[in-house]
Amino acid sequence: MPRKVNYGVNYEEDFDDYEDYGYDYDDGCGYAEEDGTPPETRSKQELVNIGVWRCPICTFDNEYTMNACDICGVLRHPLVKSCAGSKEDAVPFKFDSQSPDDSVLSGIIPSRLRPKADTDKVLQLNVPSNNEELSTEVKKDLAAEGHPSSDTSLAKDDLKDSDSSSKTRGNDGVTSSLNDMSISSKPHSVDTGKSDSATSSSKNKPQKSVQPPQIEDNFNQLNLAIVGHVDSGKSTLSGRLLHLLGRISQKEMHKYEKEAKLQGKGSFAYAWALDESAEERERGITMTVGVAYFNTKCYRVVLLDSPGHRDFVPNMISGATQADAAILVIDASVGAFEAGIDATGGQTREHAQLIKSFGVDQIIIAVNKMDAVGYSKERFNAIKKQLGTFLRACKFKDSSVAWIPVSAMENQNLVTGPSEARLSSWFQGPCLLDAIDSLQLPQRDYTKPFLLPICDVVRAQSQGQVSICGKLERGALQTGNKVLVMPSRKMAAVRSLERDSQVCNSAKAGDSVTINLQGIDANHVMAGGVLCHPEFPVPVANHLELKVLILDNSIPILIGSQLEFLVHHAKEAARVVRILSLLDPKTGKETKKSPRCLLAKQNAIIEVVLQGMVCIDEHSNCKALGMVSLRSSGRTVALGLVTRIIVKKE
């Protein structure tokens, strides 16, 4: 920001302050002051005394601590000065091997965010002969970055080690490269026989071992999706949990209650903590995935409040793809549960099927609104029996399903045991918060290159900066890393990371983060894209072979059927071009080739062609990019896995 200055004239000040504007001629050869000091030199000395420096391009007075002009971005010291000849800086200013234009553009970027130079192109610095002038820390930094110093043996040993390790690796292929991934910025030797693209990407080449970065606390992150039929109380349950756990203050809660009563919706006060848009509050339904955070004894929980209305199932799918576990909220009211479990339009069935298809194995069944049925044990058992049969048909194990009777409005059995005698008389199980703590984290993959499907994009006003949100599916990421944005294939740098609205230096697989990128146009970043390692780009395709399960669909699927294709956060129009075979649902073996159509509850192998290109991969390689759903006429008609990416033959 420009410095605050006084643009008015204070006539009470001493007129001597303006003597710099008067000049005397000195024999016609130039201007000079009375003391013989040139005005340029004197002006610089005065600027130094008051703690500012003047830009040589736009003449703007910048703070003395700034290395680049705040207006035009020009560097204060465009050339590397000798340490011996500079009394102001004890350590030489270190640059990366880049063009002068890049140096100007990246002038305001801290040096730790700039890419390290290759060891084959070491930047030469003028280091004084008197090595005692440099501190031990400076020597270590110079040696680590490949700069020559008095301890040249250290740099040579590092280069020898990297050369020998590259020879030892040889042609181990992609597997060796995956195992070599690291978030360290130590340079590696580069094979001169490789192309320019390979050379440029070698700066991010993985190392042998990867340790997940240490986070600031001892909590592991658990991504918890809240799903269920419309009006089952998902948002009210989420808001009540946040309020009880201190994430919503009493002042904010009083504000929500007041605003809800003014619109005649007093019972929606807790839901408004997550339904923030005017349209959601006016219609009384959740339309987008609301994100909130709270801590338990074991986890840092990311709460994903998903919409329950059938019109917004694609948004629900976007939240379900990020979930490690789920809470399926059931309305215990008479008639409400039956509407949700109905085969034709009930969202309870569809949400349970979608959650399972996206790899969620653990689920908590929160039977809500128990106060509406008088905390009846018979009603709870009837719901458990009917819904439990359906969940087993969806391949949920009984040991992975927890049944918790709750009342969000009455605050019963949420964070503590029930105080209502009618409920505590027959239920002695855990409360909802204890059930969340009993969940097990899925296995995280830290050894493979990082990968993050882009859930949302926030374009900043400043040029060249854009923020993205999403869950890191595998690998690890640090501030300053270079990333590849797919499908645009543009490079960017990680300027900063945020987790739970708090700035952090690193993230690991399983973390939901906001990443601020720089060095890329916002038009090249879109929701549904993928952030990946520069040396391991994800595949981009539009012709796929899928293994699908047809749901309870009354309309058969034929060759040429137009469907809606959803994978992670991407959505595309699709057309069925081939039905290859039918499969036995128990053994998975082929039972019939080239059937004419697909009916309900059949397993099959089909080929689809998408209207546009999407970032996708085979399920055996990457689960997050290989699980898909097919929808038609506002309903999910099939769930599937990507078995093969079909490449057109040239």
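User: How many disulfides does a search of the whole structure find?

Analyst: The general idea: a disulfide is a covalent bond between the sulfur atoms of two cysteines. Here the working cut-off is a pair of cysteine sulfur atoms within 2.5 Å. Searching the whole structure gives zero disulfides. Two ground rules before we go on. This is a predicted model, where local features need pLDDT of at least 70 and side-chain atom pairs count only at pLDDT 80 or more, while totals for chains, interfaces and linings use all residues. Residues are numbered from 1 along each chain as its sequence is written, and side-chain values use heavy atoms, with hydrogens and water left out.

User: Is C55 buried or exposed? And how does C597 count?

Analyst: Buried means under 20% relative accessible area, exposed means over 50%, and partly exposed is in between (1.4 Å probe, protein chains only). C55 has 2% relative accessibility, so it counts as buried. C597, at 26%, counts as partly exposed.

User: What about the protein chain as a whole: what percentage of its residues is buried?

Analyst: Buried residues are 47% of the 650 in the protein chain. The chain exposes about 34,000 Å², with 49% of that supplied by carbon and sulfur atoms; these areas come from the Shrake-Rupley method with a 1.4 Å probe, and for residues only the protein chains shown count as cover. For contacts, read heavy atoms within 4.5 Å. Among contacts in the protein chain with a separation of 6 or more, 66% are between residues 24 or more positions apart.

User: How many helices and strands does the protein chain have?

Analyst: The protein chain has 15 helices and 29 strands. Both are DSSP runs numbered from the N terminus: helices are H or I with at least four residues, strands are E with at least two.

User: In what order do the six strands of the open sheet come?

Analyst: Strands pair if DSSP finds at least two bridges between them. The order is β6-β7-β5-β8-β9-β10, and the pairing is mixed.

User: Which strands does α12 lie across?

Analyst: For this you compare axes, which are lines fitted to C-alpha atoms (for helices, over the stretch in contact), with angles from 0 to 180 degrees between N-to-C directions. Helix α12 lies across β5 and β8, at about 150° to β5. Of the 11 residues of α12 (residues 347-357), 10 are buried, so the helix is largely enclosed by the rest of the structure. After α12 comes G359, with a positive phi near 90°.

User: Which residues of α12 meet α13, and what is the hand of that crossing?

Analyst: To read the hand, call a crossing left-handed if the near helix is turned anticlockwise from the far one by less than a right angle, and right-handed if clockwise. The crossing of α12 and α13 is right-handed. Their axes come within 10 Å and cross at roughly 35°. T348, R349, A352 and Q353 of α12 meet L387, F390 and L391 of α13.

User: At what angle does α10 pack with α12?

Analyst: At about 35°, with the axes of α10 (residues 313-320) and α12 10 Å apart. That crossing is right-handed as well. On the α10 side the contact is made by V313, M316, I317 and A320, and on the α12 side by Q347, E350, H351, L354 and I355. Seven of the eight residues of α10 are buried, so α10 is largely enclosed by the rest of the structure. Those buried residues pack against β5, β7 (299-305), α12, β23 (562-567), β28 and β29.

User: Where is M627 found?

Analyst: In strand β28 (residues 627-632). M627 has 10% relative accessibility, so it counts as buried. The C-alpha atoms of M627 and T321 are separated by 8.9 Å, though these residues are 306 apart along the chain. Leaving aside neighbours within four places in sequence, M627 has contacts that include S357, F358 and G359.
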